[in-house]
Amino acid sequence: MKNVLITGGAGFVGYHLAKRLAGQGYNVYIVDNFFRSQDDADFAALKSLPNVWTMERDLTKESSWDELGGGFDHVYHLVGINGTQLFYDMPHEVLRIGVSTILHGLEWFRTKNGVPGAKILFTSSNEAYGDALKSFNQLPLPTPEDVPLVIGDPYNPRSSYSAQKLIGELFFIHYAKAYNFRMSIVRPHNFYGPRAGWGHVIPEVVERIAARVEPFPIFGADDTRSFCYIDDAVEAIQAVMESEKTDGGTYHIGTTEETKIQDLIEKIFTATHWRPATLDIKNSPEGSVKRRLADVSKIKRDTGWEAKTNLEEGLTKTIEWYLMHPKPAAKK
Ligand SMILES: NC(=O)c1ccc[n+]([C@@H]2O[C@H](COP(=O)([O-])OP(=O)(O)OC[C@H]3O[C@@H](n4cnc5c(N)ncnc54)[C@H](O)[C@@H]3O)[C@@H](O)[C@H]2O)c1
């Protein structure tokens, strides 16, 4: 069976991807420094599987990559700083960790991994192009892969995240061409599900509902997103990795359904059987993108993948998990 390396594999996407691949019999190697993720009961169950190995390493250090050795058929490069609040709190670290792990990762892959025909996949983000709408007001919706990647305002701390994804895409594209290896880029569009951390809209809303907050704040009520359930998302990531058609290409992963934040929150009220008496509608955070809807026709054309889980179904599973797992102290 193939050897698979997942960097940042203890995080939200990495955990679900590792679980899926381990269930299919792959030898799964996870490397993470647990900066944002937790060595919790879910992760302990994953680690206990006979075909899953974990290593605690800081991947900003070149030596950590050397310690991985080599021999991986598929490398899922997920490591990075995610979580919107962190973009505002520590933009310099978002940049340093993003860029250094990309550069060390690519150098290691081309010189030390040592498996002919191996492939590496980079998780970029819709935020790499998100500022195009704000800057030029002409982003096509649904948005295809070939729109310009734009940094609207380098002084906005949020740009730290989009900038390291943008530069990461360039590194992956030009390293793969120069050194002739296989790679693909995916741009996740608002993945959600259990164990996604606590710094996202769904867990934050569930937390406020559990605390019966009144009046109930809603940030950016009219903003839209397309929410993609994590089981669909990791199926898509695997499909891009395992297809030859996707080599050298960039793929949007998301759903075709554009949902207003206020409508999402109304669905969460319905699912939790509680509704506040008063809503406090607030502006979106500075730099937040107004509308987001991925064009996912390219991934469907090249891999056959499309999302299957509808929002109500995915929300029910997600809310259930968060109600059972309240936010631990000092985690974002
Ligand atoms: N979740 C989404 O909807 C979404 C959207 C767009 C892009 N992405 C991208 O997909 C990837 C995975 O996202 P996620 O939601 O799982 O994020 P996550 O924060 O849950 O996972 C990232 C993991 O990287 C680890 N990490 C951070 N710094 C590290 C370091 N120096 N060394 C080793 N490990 C380190 C963290 O501890 C964490 O477990 C990220 O690159 C993210 O930017 C995700």
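The shell around the ligand is made up of 12 nonpolar, 13 polar and three charged residues. In this grouping Ala, Val, Leu, Ile, Met, Phe, Trp, Tyr, Cys and Pro count as nonpolar, Asp, Glu, Lys and Arg as charged, and the others, Gly among them, as polar. The model is predicted: local features need pLDDT of at least 70, side-chain atom pairs count only at pLDDT 80 or more, and totals for chains, interfaces and linings use all residues. Residues are numbered from 1 along each chain as its sequence is written.

**Ligand shell**

Of the 28 residues around the ligand, those that come nearest are Gly8, Gly11, Val13, Ser37 and Asn82. A residue is near a molecule if its C-beta atom, placed from the backbone, lies within 6 Å of it. Helix H1 (residues 12–23) gives the largest share of this shell, namely three residues.

**The chain as a whole**

The chain has 12 helices and 13 strands. These are DSSP runs, numbered from the N terminus (helices: H or I, at least four residues; strands: E, at least two). The radius of gyration of the chain is 19 Å, close to the 20 Å that the globule rule gives for 332 residues, so the chain is as compact as a globular protein of that length. The radius is taken over C-alpha atoms, and the globule rule is 2.2 Å times the number of residues to the power 0.38. The C-alpha trace spans about 60 × 45 × 40 Å along its principal axes.

**Helix pairs**

| Pair | Angle | Axis distance |
|---|---|---|
| H1 and H9 (residues 230–242) | about 70° | 9 Å |
| H5 (residues 91–111) and H7 (residues 159–179) | roughly 10° | within 9 Å |
| H8 and H10 (residues 261–272) | about 45° | 11 Å |

Axes are lines fitted to C-alpha atoms, for helices over the stretch in contact, and angles run from 0 to 180 degrees between N-to-C directions. Angles under 35 degrees count as roughly parallel, over 145 as roughly antiparallel, 65 to 115 as roughly perpendicular and the rest as oblique.

H8 and H10 pack at about 45°, which makes H8 oblique to H10. Their crossing is right-handed, a term used when the near helix is turned clockwise from the far one by less than a right angle, while anticlockwise gives left-handed. Val201, Ile202, Val205, Val206 and Ile209 of H8 make the contact with Ile261, Leu264, Ile265, Ile268 and Thr272 of H10. Two residues are in contact if their C-beta atoms, placed from the backbone, lie within 7 Å. This contact has nine nonpolar, one polar and no charged residues.

H1 passes H9 in a right-handed crossing. On the H1 side the contact is made by Val13, His16, Leu17, Arg20 and Leu21, and on the H9 side by Ile230, Ala233, Val234, Ile237 and Gln238. Seven of these residues are nonpolar, two polar and one charged.

H5 and H7 are roughly parallel to each other, and their crossing is right-handed. Among the H5 residues that meet H7 are Pro91, Val94 and Leu95. The contact of H5 with H7 divides into 13 nonpolar, four polar and one charged residue.

**Backbone details in loops**

The peptide bond from Leu141 to Pro142 is cis, with omega near -5°. Pro142 sits in the loop between helix H6 (127–136) and H7. Another cis peptide bond joins Glu214 and Pro215, with omega about -15°. Pro215 is in the loop between helix H8 (201–210) and strand E8 (216–219). Arg195 is not a glycine, yet has a positive phi of about 60°. Its place is the loop between strand E7 (191–192) and H8.
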